[in-house]
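Hello,

Here is the structure for you to look over. My notes follow below it.

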Amino acid sequence: MSLERPAAASTPRPWRLGRTAALVAVLLAAVVLAVGLGSVTIPPAEVLGALGRGVTSLWTGAALSPEDTIVWQLRLPRVAMGVLVGACLAVCGAAFQGVFRNPLADPYLLGVASGAGLGATVAIVAGWPRPLVPVVALAAALGAVSLTLALAREGRRLPPTRLILAGVVVGSVLSAVSTFLILRGEDRARQVLAYTLGDLGFSGWGDLATVLPYALAGGGVLLALGRALDTLGLGDLTARSLGVPVERLRLLVVLAASVATAAAVAYVGIIGFVGLVVPHVVRLAWGAGHRVLLPISALAGGTLLVLADLLARTTPLSQVGVVTTLLGGPFFLWLLRRGGHE
Amino acid sequence: MKTLPAKTALAASLLALLPAAAATTYPLTLTDDLGRKVTLKAEPRRIVSMLPSTSETLCAIGACDKLVGVDDYSDFPQQVQRLPKLGGLYDPKVEQIVALKPDLVLVSKYGKLEAPLTQAGLTVVAVNPETYDEVFSKTLTLGRIVNRETQAKNLVLNMRREIAKVEILTKNAARKPTAYFEIDPTPYSIGPNSFMGVLLTKAGARNIIPASLGDFPKVDPELIVKANPELMLGLSRQQAAARPGWSGLRAVKTGRVIELPKELRTILSRPGPRLPQALRGLAQLVHPELFR
């Protein structure tokens with residue numbers, strides 16, 4: 001139950017099947033709600049019909065009515081993107097917290113978000129075509145992480161403290177450059193801000209198909225590393241004596257998480273909080289063993305982001321990043337206090 | 001909410017005109033757009049304008065030669081282009097402004113210029129037209145401030161006449177297309193009560209954005225697909241077609257997706273004396289058939 005020892009357990013904690021089943025049910029309910037509800041009201045029967053007509057239109061190429069288009073081409077890919085990105089961020093956050101043994105670690109620790117932010121800012125302020133924005137953001141995000149790795153490297157080693165410090169500095173410097181550019185290109189400031197806060201508004205099937213391979217590759221690697229992360233939780237020395245190649249493991253986690261996060265951030269913007277807090281919530285309810293923590297975090301992250309996006313598009317909060325932090329923050333504090341009283 | 005003070009201000013300005021005095025009497029005390037009471041001891045002769053629309057208005061009422069400096073974005077008319085550029089909203093060059101020894105600095109109500117300049121002993125007035133009605137009331141206010149009341153009154157009359165000329169055409173248009181106006185690809189759009197929203201309606205279009213969403217709302221793309229507008233302004237057809245679910249929309253299929261020319265974009269974002277041109281430019285895009 002304690003946050004300070006995220007990866008203390010070497011024996012896997014039970015899956016707590018009841019809780020897991022409940023979480024899966026909530027995720028499914030969230031998906032159904034999110035496809036059914038939106039700023040345009042469409043009756044449930046119509047939504048089901050639209051899904052059917054959407055599927056058949058894949059073969060027939062038939063034109064869809066505006067309502068069908070909304071369900072099939074706007075809501076469904078948007079919800080799918082929410083699940084994917086939420087899952088990605090939460091898994092990457094859990095892995096980072098484990099590998100750095102630091103409860104404050106989140107997927108943006110090594111400068112991915114600031115890099116993506118700078119790339120997007122350059123593209124937006126320069127007025128490049130909108131479809132180029134995520135491509136530039138993705139390249140810049142990967143560039144930023146590479147820079148952090150290069151700066152933190154000590155011979156063949158990657159000491160965690162140096163990584164964190166290098167990440168913070170790279171992040172701050174890139175953010176400062178972004179701010180400078182935003183102030184120079186005054187009239188596009190709001191566009192950049194909207195990107196920075198994260199938005200799933202224009203996530204179509206195409207974007208989803210672009211992000212999916214990165215997310216599956218990065219997330220898949222992390223999910224496979226659960227046992228190794230548990231061992232690493234015992235400390236570098238112990239882990240090494242147990243045969244874990246500590247340096248290679250750290251590099252692998254950093255690379256896998258960065259690839260997945262970079263793709264997510266490039267296409268939906270910098271959604272805060274999910275990657276930081278979801279793993280902590282999961283640890284409170286499921287324990288700290290990574291073989292359970294990582295997949296459950298994926299489910300919980302996906303659920304949170306889908307619900308947050310639903311609120312974002314049906315209430316005046318309007319920006320998913322605002323919702324995750326505004327509602328996620330108090331919820332987490334409440335959980336934390338409750339945990340403390342137990 | 002905003003219209004009430006605006007109307008009061010308009011009424012107040014019109015009342016002030018009633019004596020029809022050609023000359024402003026100084027000292028002149030007025031409440032500016034930051035709600036401050038400011039007294040001008042005499043007719044200002046060295047003015048710094050930190051808003052492009054203010055610069056344009058001053059020049060349009062014959063006070064261009066009073067300007068000694070402008071903000072980075074003031075570029076019209078040509079006379080202001082050779083004046084010292086004093087920064088923008090976020091990065092004003094306070095020291096340079098003070099060094100010019102202006103007897104009046106006209107600032108935006110946003111930004112933080114007022115405090116340091118007042119501290120430096122300068123007279124600062126915030127004038128910030130934001131709604132359609134305010135464009136006229138603030139023009140009259142500026143006229144009073146710089147002792148060009150008659151010119152300001154004439155400018156307002158002229159603007160109203162030019163606007164009426166366009167409105168006569170668009171009011172009687174056989175069909176008013178439903179329109180979506182995009183100000184940036186987030187997407188942000190404009191509500192019917194905003195400055196640009198009023199112009200869009202006067203240009204003979206039916207804005208698909210309901211007033212309840214506010215003046216500059218961030219719009220959920222679902223709403224736009226549902227409204228299926230006949231005309232889209234502010235983006236390219238290619239851009240629109242690339243968005244999920246938009247390729248089948250009426251405007252995209254018929255090719256009525258129009259990017260705004262740079263000049264039109266500039267004057268649409270400037271609540272100043274070129275408002276009639278902005279309206280005409282917009283009306284020509286909405287109803288090309290009326291302007292052949």
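In what sense do β7(B) and strand β8 (residues 188-189) of chain B pair, and over how many bridges? They pair in the antiparallel sense, over two bridges. Strands count as paired if DSSP finds at least two bridges between them.

First, the ground rules. This is a predicted model, in which local features need pLDDT of at least 70, side-chain atom pairs count only at pLDDT 80 or more, and totals for chains, interfaces and linings use all residues. Residues are numbered from 1 along each chain as its sequence is written, while chains are lettered from A and ligands numbered from 1 in the order in which they are written.

**Around β7(B)**

Helices (H or I, at least four residues) and strands (E, at least two) are DSSP runs, numbered from the N terminus. β7(B) covers residues 178-184. Six of its seven residues are buried, so the strand is largely enclosed by the rest of the structure. Buried means 20 or more other C-beta atoms within 10 Å of the residue's own, with C-beta atoms placed from the backbone; exposed means 12 or fewer, and partly exposed is in between.

β7(B) and β8(B) form a hairpin, with three residues between them. Asp184(B) has Tyr188(B) as its bridge partner there. β7(B) also pairs with strand β10 (residues 231-233) of chain B, in the parallel sense, over three bridges. Strand β9 (residues 206-207) of chain B runs parallel to β7(B) and is joined to it by two bridges. Thr178(B) stands opposite Arg206(B) there.

**Chain B overall**

Chain B has twelve helices and eleven strands. Its radius of gyration is 21 Å, close to the 19 Å that the globule rule gives for 292 residues, so chain B is as compact as a globular protein of that length. The radius is taken over C-alpha atoms, and the rule is 2.2 Å times the number of residues to the power 0.38. Buried residues make up 46% of the chain.

The domain assignment gives domain 1 (21-158) and domain 2 (174-291). These bounds come from an automatic or database assignment. The C-alpha centres of the two domains of chain B lie 31 Å apart. Twelve residues of domain 1 are in contact with eight of domain 2. Contact means C-beta atoms, placed from the backbone, within 7 Å. On the domain 1 side, α2(B) gives the largest share, five residues.

**Val257(B)**

Val257(B) sits in strand β11 (residues 257-258) of chain B. It counts as buried because it has 24 C-beta neighbours inside 10 Å. Leaving out residues up to four places away in sequence, Val257(B) touches several residues, among them Met232(B), Leu235(B) and Ala251(B).

**Chain A and its contact with chain B**

24 residues of chain A are in contact with 22 residues of chain B. α3 (66-99) and α7 (189-197) of chain A each supply at least two residues of that side of chain A. α3(A) gives the largest share, six residues. By class, the chain A side has twelve nonpolar, eight polar and four charged residues. Here Ala, Val, Leu, Ile, Met, Phe, Trp, Tyr, Cys and Pro count as nonpolar, Asp, Glu, Lys and Arg as charged, and the others, Gly among them, as polar.

Just after α11(A), Gly269(A) takes a positive phi of about 90°.

Best wishes

How values were computed
Two residues are in contact if their C-beta atoms, placed from the backbone, lie within 7 Å.
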